[in-house]
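Student: I have a new structure to look at and would like to go through it with you. Could you show it to me first?

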Amino acid sequence: MGTVQNGHSADRLSVVFAVQVTEGCEEGFLEMYDQIRKSVARTPGHIIDRLGEPVEEGSRQWVITSEWETPEAFFAWQQSDEHQQMVAPLRKWVDSTQSLRFRVVKETAEVKS
(Lines give C-alpha, C1' and ligand atoms only; values in the text may rest on other atoms or scores of the structure.)
Protein backbone atom coordinates (compact mmCIF):
# COMPACT_ATOMS: atom_id res chain seq x y z
CA MET A 1 0.00 0.00 0.00
CA GLY A 2 1.43 3.36 -0.98
CA THR A 3 1.39 6.69 0.73
CA VAL A 4 -1.10 9.42 0.05
CA GLN A 5 -0.05 12.64 -1.66
CA ASN A 6 -2.63 15.42 -2.00
CA GLY A 7 -5.50 13.01 -1.35
CA HIS A 8 -4.46 10.45 -3.98
CA SER A 9 -2.81 7.08 -3.57
CA ALA A 10 0.87 7.14 -4.47
CA ASP A 11 0.40 3.67 -6.01
CA ARG A 12 -1.05 5.26 -9.16
CA LEU A 13 0.71 4.58 -12.43
CA SER A 14 1.28 7.07 -15.24
CA VAL A 15 1.90 5.67 -18.71
CA VAL A 16 3.42 7.71 -21.53
CA PHE A 17 2.99 6.18 -24.97
CA ALA A 18 4.90 8.00 -27.71
CA VAL A 19 3.65 7.23 -31.21
CA GLN A 20 5.30 8.13 -34.51
CA VAL A 21 2.28 8.38 -36.83
CA THR A 22 2.94 7.33 -40.43
CA GLU A 23 3.04 10.33 -42.74
CA GLY A 24 -0.42 11.10 -44.12
CA CYS A 25 -2.15 8.69 -41.70
CA GLU A 26 -3.21 11.15 -38.98
CA GLU A 27 -6.93 10.81 -39.76
CA GLY A 28 -6.87 7.02 -39.54
CA PHE A 29 -4.82 7.19 -36.35
CA LEU A 30 -7.29 9.62 -34.75
CA GLU A 31 -10.29 7.48 -35.70
CA MET A 32 -8.63 4.38 -34.24
CA TYR A 33 -7.64 6.27 -31.07
CA ASP A 34 -11.26 7.35 -30.56
CA GLN A 35 -12.41 3.72 -30.75
CA ILE A 36 -9.74 2.54 -28.34
CA ARG A 37 -10.17 5.31 -25.76
CA LYS A 38 -13.88 4.59 -25.35
CA SER A 39 -13.12 0.98 -24.49
CA VAL A 40 -10.21 1.87 -22.21
CA ALA A 41 -12.38 4.35 -20.31
CA ARG A 42 -14.56 1.42 -19.16
CA THR A 43 -11.56 -0.59 -17.92
CA PRO A 44 -11.38 -1.17 -14.15
CA GLY A 45 -8.61 0.93 -12.62
CA HIS A 46 -8.36 3.42 -15.51
CA ILE A 47 -8.52 7.05 -14.36
CA ILE A 48 -7.87 9.24 -17.41
CA ASP A 49 -6.08 9.39 -20.71
CA ARG A 50 -4.98 12.28 -22.88
CA LEU A 51 -3.86 12.59 -26.48
CA GLY A 52 -1.14 15.13 -27.24
CA GLU A 53 -0.75 16.48 -30.78
CA PRO A 54 2.67 17.69 -31.93
CA VAL A 55 3.14 21.46 -32.03
CA GLU A 56 6.34 21.45 -34.07
CA GLU A 57 5.65 21.72 -37.79
CA GLY A 58 6.45 18.51 -39.59
CA SER A 59 6.57 16.41 -36.42
CA ARG A 60 4.62 13.16 -36.48
CA GLN A 61 5.28 12.36 -32.79
CA TRP A 62 2.02 12.10 -30.85
CA VAL A 63 1.79 11.26 -27.15
CA ILE A 64 -0.89 9.30 -25.34
CA THR A 65 -0.75 9.58 -21.56
CA SER A 66 -2.90 7.60 -19.18
CA GLU A 67 -3.24 7.25 -15.46
CA TRP A 68 -4.23 4.11 -13.57
CA GLU A 69 -5.22 3.46 -9.97
CA THR A 70 -2.48 0.83 -9.63
CA PRO A 71 0.24 -0.72 -11.79
CA GLU A 72 -1.62 -4.04 -11.47
CA ALA A 73 -4.76 -2.57 -13.07
CA PHE A 74 -2.75 -1.32 -16.05
CA PHE A 75 -0.78 -4.54 -16.54
CA ALA A 76 -3.93 -6.68 -16.26
CA TRP A 77 -5.48 -4.62 -19.07
CA GLN A 78 -2.29 -4.47 -21.15
CA GLN A 79 -1.79 -8.24 -21.03
CA SER A 80 -5.42 -9.12 -21.77
CA ASP A 81 -6.52 -10.65 -25.06
CA GLU A 82 -9.03 -7.80 -25.41
CA HIS A 83 -6.21 -5.24 -25.32
CA GLN A 84 -4.12 -7.12 -27.87
CA GLN A 85 -7.06 -7.35 -30.29
CA MET A 86 -8.03 -3.72 -29.69
CA VAL A 87 -4.61 -2.17 -30.42
CA ALA A 88 -3.57 -4.47 -33.28
CA PRO A 89 -5.29 -2.28 -35.94
CA LEU A 90 -3.49 0.80 -34.59
CA ARG A 91 -0.18 -0.57 -35.86
CA LYS A 92 -1.25 0.10 -39.44
CA TRP A 93 -1.21 3.86 -38.73
CA VAL A 94 2.12 4.15 -36.88
CA ASP A 95 5.80 3.73 -37.71
CA SER A 96 7.06 3.25 -34.16
CA THR A 97 6.01 3.38 -30.52
CA GLN A 98 7.65 3.75 -27.13
CA SER A 99 6.00 3.10 -23.77
CA LEU A 100 7.24 4.53 -20.47
CA ARG A 101 5.65 3.77 -17.10
CA PHE A 102 6.04 5.72 -13.88
CA ARG A 103 4.69 5.27 -10.37
CA VAL A 104 3.22 8.58 -9.17
CA VAL A 105 5.12 9.60 -6.05
CA LYS A 106 4.35 13.33 -5.92
CA GLU A 107 2.16 15.81 -7.70
CA THR A 108 1.48 19.51 -7.45
CA ALA A 109 -1.42 20.61 -5.33
CA GLU A 110 -4.34 22.52 -6.78
CA VAL A 111 -3.69 26.25 -6.79
CA LYS A 112 -6.34 28.02 -4.74
CA SER A 113 -7.18 31.62 -5.59
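**Strands, a pocket and a serine**

Tutor: Strand β4, which covers residues 46-52, pairs with β5 in the antiparallel sense over 6 bridges; please keep in mind that this is a predicted model.

Student: Which residue in β5 is the bridge partner of G52?

Tutor: The partner of G52 in β5 is V63.

Student: And how many bridges join β3 to β5?

Tutor: Strand β3 (residues 13-21) is joined to β5 (residues 61-68) by 8 bridges, and these two strands run antiparallel. Within β5, W68 is the residue that stands opposite L13.

Student: Changing topic, what volume does the largest pocket have?

Tutor: Its volume is about 480 Å³. The lining of this pocket is made up of 22 residues, and those closest to the centre are F17, W77, H83, V87 and L90.

Student: Which elements give two or more residues to that lining?

Tutor: Those elements are the strands β3, β5 and β6 (94-103), together with the helices α1 (26-41), α2 (71-78) and α3 (81-87). Sorted by class, the lining has 12 nonpolar residues, 6 polar ones and 4 charged ones.

Student: Now S39, is that one buried or exposed?

Tutor: S39, which is found in helix α1, counts as buried because its relative accessible area is 13%, and the cut-off for buried is under 20%.

Student: What is S39 in contact with, apart from its neighbours within four places in sequence?

Tutor: With those neighbours left aside, S39 is in contact with E82 and M86. With E82 there is also a polar contact, made between the two side chains at 3.4 Å.

How values were computed: Residues numbered from 1 in each chain as written. Predicted model: local features only at pLDDT ≥ 70, side-chain atom pairs only at ≥ 80, totals over all residues. Heavy atoms only, no water. Pairing = 2+ DSSP bridges. Helix = DSSP H or I, 4+ residues; strand = E, 2+ residues; numbered from the N terminus. 1 Å grid on protein atoms, 1.4 Å probe; cavity = no way out; pocket = protein on both sides within 12 Å on 5 of 7 lines; lining within 4 Å. Points joined across faces, edges and corners; volume = space filled by probe spheres on them. Nonpolar A, V, L, I, M, F, W, Y, C, P; charged D, E, K, R; others polar. Buried < 20%, exposed > 50% of the residue type's maximum accessible area, 1.4 Å probe, protein only. Polar contact = N/O pair within 3.5 Å; in protein donor to acceptor, adjacent residues only side chain to side chain. Contact = heavy atoms within 4.5 Å.
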